[in-house]
Protein chains: 2
Amino acid sequence: MLTAVSLGPGHESLLTPAARVALENAEVIVGYKGYMDLVPPELLQGKEIFSTGMMGEVERVNHAVDCAEQGRRTAVVCSGDAGIYAMAGLMLEALEARGLLDSVPFEVVPGVPAFNAAAALLGAPLMHDFCSISLSDLLTPWELIRKRVRLAAEGDFVICLYNPRSKRRSDHLAEALDLIAEHRDPQTPVGIVNRAWREGQKVHTCALEHVDSGLVDMQTMVLVGNSATRRVGGFLLTPRGYHTKYEVGSSL
Amino acid sequence: MLTAVSLGPGHESLLTPAARVALENAEVIVGYKGYMDLVPPELLQGKEIFSTGMMGEVERVNHAVDCAEQGRRTAVVCSGDAGIYAMAGLMLEALEARGLLDSVPFEVVPGVPAFNAAAALLGAPLMHDFCSISLSDLLTPWELIRKRVRLAAEGDFVICLYNPRSKRRSDHLAEALDLIAEHRDPQTPVGIVNRAWREGQKVHTCALEHVDSGLVDMQTMVLVGNSATRRVGGFLLTPRGYHTKYEVGSSL
């Protein structure tokens, strides 16, 4: 049995019971070193642990498939949701490449994605149609990423930017925000959330024209509002739709 | 205290501890009738419950704000994530309209969104950049929805379609899929998930050209793959990116 287990953003209060059970039942737990710290320690006790650093995804997945092929219950942990920029896909690719799709049962335990966790701290920035785009060009050509940002801006989607910055790519975020600004008011609210639901959490809101890239690293989620998003108190609010068929605030 | 509480897709194993605590602590629980069935019964005991039917959102939110204004700990429950096509925004709108942003503390407990829950059952259909679009034109002009579908298709996003069909709008899904087909191969894999993680769950995959609208109702999530998505065993797999910088399947 091979299971992709979503840990959620990192706080134990957002780890689902299903993820907990999957980890309790596992004999082998595999994951990126940084994510092992997000697993409650009691769930790691007595388990065989295989963890490696950044860029070790393929090694980890192949090891996990080796274990599952031997009939061991194997869990691969992912932060956020295992199906969003995470390991579920690579696990399926490995099962396919090694002809194990019929012999190794595979399942995915969904979790609270990073962008939702960030959005909740900002109030209600999503609410309506949205896009998620990763600014990492490690596996995707930068031109395609640019195209997606442009189209998402043109479509007035709320835009969630994953992997907004790394040491190697310090100017991608600025370039993406410039593309968005071609279709959106400079005052469009932006939410910048660092380490949502983890130690050191920081929540910041500003206007599109005033985004400070210095606040952003690879653990940051950047959410750009749509044309209707506004700042309300300390929150971001995207109304449900564009018609005004409803009226709030009239006390019953 | 006014809290938007995400119940996740509906199965208790995907209800987060944070949501459970928020409901335990609430004095008043407000929600759509259909969602009250998703709350574990012991969490409703001894609480004041206010639930109404479809289209009663504004009434529910205003009642919840009334209770919170009186100093009562009030939770509004939402299925999936409270910040995605749900109640968090309307709650903020009501607090704003009634001048209560400073006096009534507001928070959102994030949860497992419906589209993630559906995606997990399909394997790994998301993985990479994706869009979420609601086909409901109740609060959004159909022309804007069409535009978004077209742009999402052009940008080769994986596309999640919420509210794909209702009695009133039986042809919106077919129209949306036609728009997508202008940019995507007729063989593009599509996942159709009914009642994900609830009783009566059904998971179906097919090619874009063969989507059977008869399988789709308002409780269905439709996920359309991108140009790289393929069917693998009984699953949908979208690879992580477009470069092939990695090689899976070589046993270590």
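**Notes on helix packing, domains and the chain interface**

1. Let me begin with a helix pair in chain A: α4(A) and α5(A) lie oblique to each other. Please keep in mind throughout that this is a predicted model. The helices in question are α4 (residues 57-69) and α5 (residues 88-97) of chain A, which pack at an angle of about 55° with their axes 10 Å apart. As for handedness, α4(A) passes α5(A) in a right-handed crossing.

2. Which residues make this contact? From α4(A) come A:E57, A:V58, A:V61, A:N62 and A:V65, and from α5(A) come A:L90, A:M91, A:A94 and A:L95.

3. Now for the corresponding helices in chain B. Helix α4 (residues 57-69) and helix α5 (residues 88-97) of chain B pack at about 55°, and their axes are 10 Å apart. α4(B) and α5(B) are therefore oblique to each other, and their crossing is right-handed. On the α4(B) side, B:E57, B:V58, B:V61, B:N62 and B:V65 meet B:L90, B:M91, B:A94 and B:L95 of α5(B). The contact of α4(B) with α5(B) divides into seven nonpolar residues, one polar and one charged.

4. Another pair in chain B is worth a look. At what angle do α7 and α8 of chain B cross? Helix α7 (residues 142-154) and helix α8 (residues 172-181) of chain B cross at roughly 35°, and their axes come within 8 Å. The crossing of α7(B) and α8(B) is right-handed. α7(B) contributes B:W142, B:R146, B:V149, B:R150 and B:A153 to the contact, while α8(B) contributes B:H172, B:E175, B:A176, B:L179 and B:I180. The residues of the contact of α7(B) with α8(B) comprise six nonpolar, one polar and three charged.

5. Next, the domains of chain A. The domain assignment gives domain 1 (2-112) and domain 2 (115-237). Taken over C-alpha atoms, the centres of domain 1 and domain 2 of chain A are separated by 28 Å. Ten residues from domain 1 of chain A and eleven residues from domain 2 of chain A take part in their contact.

6. How much area is buried between these two domains? Between domain 1 and domain 2 of chain A the buried area is about 810 Å², with carbon and sulfur atoms giving 69% of that. On the domain 1 side, A:P9, A:I84 and A:Y85 supply 54% of the area buried against domain 2 of chain A, more than any other three residues.

7. Finally, the interface between the chains. Here 86 residues of chain B are in contact with 85 residues of chain A. The area buried between chain B and chain A is about 7300 Å², and carbon and sulfur atoms give 65% of it. Which residues of chain B lose the most area to chain A? They are B:M127, B:L139 and B:R148, together 10% of what the chain B side buries.

Definitions and conventions: Residues numbered from 1 in each chain as written. Chains lettered and ligands numbered in written order. Predicted model: local features only at pLDDT ≥ 70, side-chain atom pairs only at ≥ 80, totals over all residues. Heavy atoms only, no water. Axes fitted to C-alpha atoms, helices over the stretch in contact; angles between N-to-C directions. Helix = DSSP H or I, 4+ residues; strand = E, 2+ residues; numbered from the N terminus. Parallel < 35°, antiparallel > 145°, perpendicular 65-115°, else oblique. Left-handed = near helix turned anticlockwise from the far one by under 90°. Contact = heavy atoms within 4.5 Å. Domains from an automatic or database assignment. Buried area = accessible area lost by both parts, 1.4 Å probe. Nonpolar A, V, L, I, M, F, W, Y, C, P; charged D, E, K, R; others polar.
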